[in-house]
Amino acid sequence: MSVKVIDEIRIPQPNGSCLCYTIQRLAPQHLSAVVDLQQQARHHAAENDAIFMERPTDILAACLADEGVAVGAFAADQLVAFRLLYYPGKFNQGEYAGLPPEEWNKVVHLEIGVVHPLHRGHALQRRLTAQVLAEAGDLRCKRYLCSVVSPQNYPSIKDKLVVGMPVVRLLELPGGHWRYIFCRDRMKPAQFDEAAAIYVSVNDRERQLELLSQGYQGFRVEKLSHDAVLWYGVPQRQDKVQ
Ligand SMILES: CC(C)(COP(=O)(O)OP(=O)(O)OC[C@H]1O[C@@H](n2cnc3c(N)ncnc32)[C@H](O)[C@@H]1OP(=O)(O)O)[C@@H](O)C(=O)NCCC(=O)NCCS
C-alpha cells in the first residue's frame with residue numbers, strides 16, 4: 001500500500017545540524033513498527049502502569065485500519081513516534097466522561113501517542129495530535145472527543161488541553177490507577193474565564209474531586225519545578241459545530 005506523506009519537520013540543533021522527521025499517514029502495514037515502539041516506550045526506565053498503559057495489539061490494528069486514523073513520524077525511515085485516533089464500539093470512554101448511554105455512539109477516542117525516548121522534547125506528540133485531527137477531518141460527525149491520561153503525565157495533559165479538550169473527571173479505573181478523563185463536546189465547546197481560575201496541584205486529588213463535583217473543569221496546565229498545576233474553571237458553553 002502506498003504511504004501518504006503529510007509533512008516534513010526540520011528542527012535545527014545547537015551544533016548546527018538538523019533533526020529531520022517525515023510525518024506520514026500510517027496503515028495496517030505499520031502494525032509491527034507501532035507495536036515495537038510501544039514496547040520500547042514501555043521498557044523505558046521511568047514508565048510503568050502509573051503513567052501509561054499499553055494498548056492491546058487488536059486496538060492498535062483497528063486504529064491503523066478502518067476503525068481509526070493513525071499518523072507517525074519517521075527519522076531515516078524508522079518510526080519514532082505515532083498518534084492514534086479510534087472510533088470505538090458501543091462501550092467506550094463516554095461512560096468515563098459521564099455521558100448518558102444514548103450518547104456513547106457519538107464518541108471518538110484520541111488514543112495513545114508514543115514518542116521514542118531519544119526523540120522526546122521536540123513537541124512531536126503535539127504536532128502529531130494536530131496532524132491526526134486534521135487527517136480525521138469531521139471525525140465522522142462524532143460529537144465527543146475523549147481521552148484518558150495519568151495526572152503524572154504532564155506532556156499528555158498539555159497535549160489534550162491545547163486542542164480544547166478539558167478535564168471533566170478524575171477517576172480510579174479498574175487496576176487502581178487514577179486518570180483524568182478529557183472530553184471535548186464539539187457541538188458546545190467550553191470556554192473558561194482565566195481571571196476566575198482556581199489552581200490546584202495535579203497531586204491534590206481531594207481538592208480536584210471536590211471542584212469537579214461542583215461543575216468545574218480543568219482547562220490549562222502549568223509545569224512547576226517539582227509539580228504541575230491545573231487551572232480549573234466553570235465552563236461557559238457556546239453552541240457551534242467545530
Ligand atoms: C508523552 C510523550 C508522548 C510526550 O512526547 P514529547 O513529544 O516528548 O512531548 P513534547 O515534546 O510535546 O512535550 C510537551 C511538554 O511536556 C514537557 N515534557 C516532555 N517530556 C517530559 C517529561 N518526561 N517530564 C516533564 N515534562 C516533560 C515538555 O517540556 C513540554 O512542555 P512545555 O510545552 O510546557 O514546554 C512521550 O513522553 C511518551 O512517549 N511517553 C510514553 C507513552 C505515553 O505516556 N503516552 C501518552 C499516554 S496515552
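Please keep in mind throughout that the model is predicted.

I begin with the helices. Two packed helices are described by the angle between their axes and the distance between the axes. The pair to consider here is helix H1, residues 31-43, and helix H2, residues 57-64. Their axes come within 10 Å and cross at roughly 130°. That angle makes H1 oblique to H2. As for handedness, the crossing of H1 and H2 is right-handed. Which residues meet where H1 and H2 touch? On the H1 side they are Leu31, Val34 and Val35, and on the H2 side Thr57, Leu60, Ala61 and Leu64. Sorted by class, the residues of this contact comprise 6 nonpolar, 1 polar and no charged.

The next pair consists of H4 and H5, whose axes also come within 10 Å and cross at roughly 35°. The crossing of H4 and H5 is right-handed. H4 contributes Gln125, Arg126 and Thr129 to the contact, while H5 contributes Pro155, Asp159 and Val162. By class, the contact of H4 with H5 has 2 nonpolar, 2 polar and 2 charged residues.

How many residues lie around the ligand, and which come nearest? There are 21, of which Phe52, Val115, Arg120, Gln125 and Pro155 come nearest. The elements giving two or more residues to this shell are strand S5 (107-115), helix H4 (124-136) and helix H5 (154-162). Gln125 and Pro155, among those nearest the ligand, also take part in the contact of H4 with H5. In terms of class, the shell around the ligand holds 10 nonpolar, 6 polar and 5 charged residues.

I turn now to the strands. Strand S7, residues 167-172, pairs with strand S8, residues 178-185, in the antiparallel sense over 5 bridges. Within this pairing, Arg169 has Ile181 of S8 as its bridge partner. The hairpin of S7 and S8 has 5 residues between the strands, and in this hairpin Gly175 takes a positive phi near 105°.

The other hairpin is formed by S11 and S12, with 4 residues between them. Strand S11 covers residues 217-223 and strand S12 residues 228-233; they run antiparallel and are joined by 6 bridges. Where does Val221 find its opposite residue? Val221 stands opposite Leu230 in S12.

Note on methods: Residues numbered from 1 in each chain as written. Predicted model: local features only at pLDDT ≥ 70, side-chain atom pairs only at ≥ 80, totals over all residues. Axes fitted to C-alpha atoms, helices over the stretch in contact; angles between N-to-C directions. Parallel < 35°, antiparallel > 145°, perpendicular 65-115°, else oblique. Left-handed = near helix turned anticlockwise from the far one by under 90°. Contact = placed C-beta atoms within 7 Å. Nonpolar A, V, L, I, M, F, W, Y, C, P; charged D, E, K, R; others polar. Near = placed C-beta within 6 Å. Pairing = 2+ DSSP bridges.
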